[in-house]
Amino acid sequence: LRSSDYERVVALLLPSANMAIWSKSDEMRSAGRGALRNMGYLAPELVFPSLLERVFYALETLTATHQT
């Protein structure tokens with residue numbers, strides 16, 4: 001597979017994995033973390049900016065600190 005193929009797969013799965021890490025279900029959070037970890041190896045330039053944006057937002061606001 002080419003890197004463009006990896007990027008397309010990551011772009012398709014990334015929104016679902018980002019939502020999964022904030023789930024109330026332990027199994028869903030675990031699956032989301034695993035998916036993000038694996039996608040981080042395939043296309044870090046796509047995964048880390050969106051993940052860091054959400055984490056920084058959670059750290060900066062008082063009402064969202066429980067998400068960290």
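Author: Let me begin with contact, which means heavy atoms within 4.5 Å. In this predicted model, Tyr6, Val10, Leu13, Leu14, Ala17, Asn18 and Ala20 in α1 meet Met28, Arg29, Gly32, Ala35, Leu36, Met39 and Leu42 in α2 in that sense. By class, the residues of this contact of α1 with α2 divide into eleven nonpolar, two polar and one charged.

Reader: What is the overall pattern of the chain, read along the sequence?

Author: The pattern is α-α-α, with three helices and zero strands. Among contacts between residues at least 6 apart in sequence, 46% join residues at least 24 apart.

Reader: Why is α1 called roughly antiparallel to α2?

Author: The axes of helix α1, residues 3-20, and helix α2, residues 26-42, come within 9 Å and cross at roughly 155 degrees. Angles over 145 degrees count as roughly antiparallel, and therefore α1 is described as roughly antiparallel to α2. The crossing of these two helices, α1 and α2, is left-handed.

Reader: Which word, parallel or antiparallel, describes α1 and α3, and why?

Author: Here α1 and helix α3, residues 44-60, pack at an angle of about 20 degrees, with their axes 9 Å apart. Angles under 35 degrees count as roughly parallel, and α1 and α3 are therefore roughly parallel to each other. Their crossing, that of α1 and α3, is right-handed. On the α1 side the contact is made by Glu7, Val10, Ala11, Leu14, Asn18 and Met19, and on the α3 side by Glu45, Leu46, Val47, Ser50, Leu51 and Arg54. Sorted by class, this contact of α1 with α3 has seven nonpolar, two polar and three charged residues.

Reader: What makes α2 oblique to α3?

Author: The axes of α2 and α3 come within 6 Å and cross at roughly 135 degrees. An angle over 145 degrees would count as roughly antiparallel, and 65 to 115 degrees as roughly perpendicular, with the rest counted as oblique; the value for this pair falls in that remainder, so α2 is oblique to α3. The contact is made by Leu36, Met39, Gly40, Tyr41 and Leu42 of α2 together with Pro44, Val47, Phe48 and Leu51 of α3. By class, the contact of α2 with α3 has eight nonpolar, one polar and no charged residues.

Reader: How do you know that Asn38 counts as partly exposed?

Author: Asn38, which lies in helix α2, has a relative accessibility of 48%. Buried means under 20% and exposed over 50%, with partly exposed in between, and so at 48% Asn38 counts as partly exposed. The C-alpha atoms of Asn38 and Val10 are separated by 9.6 Å, although these residues stand 28 residues apart along the chain.

Terms used: Residues are numbered from 1 along each chain as its sequence is written. This is a predicted model: local features need pLDDT of at least 70, side-chain atom pairs count only at pLDDT 80 or more; totals for chains, interfaces and linings use all residues. Side-chain values use heavy atoms; hydrogens and water are left out. Helices (H or I, at least four residues) and strands (E, at least two) are DSSP runs, numbered from the N terminus. Axes are lines fitted to C-alpha atoms, for helices over the stretch in contact, and angles run from 0 to 180 degrees between N-to-C directions. A crossing is left-handed if the near helix is turned anticlockwise from the far one by less than a right angle, and right-handed if clockwise. Ala, Val, Leu, Ile, Met, Phe, Trp, Tyr, Cys and Pro count as nonpolar, Asp, Glu, Lys and Arg as charged, and the others, Gly among them, as polar. Buried means under 20% relative accessible area, exposed over 50%, partly exposed in between (1.4 Å probe, protein chains only).
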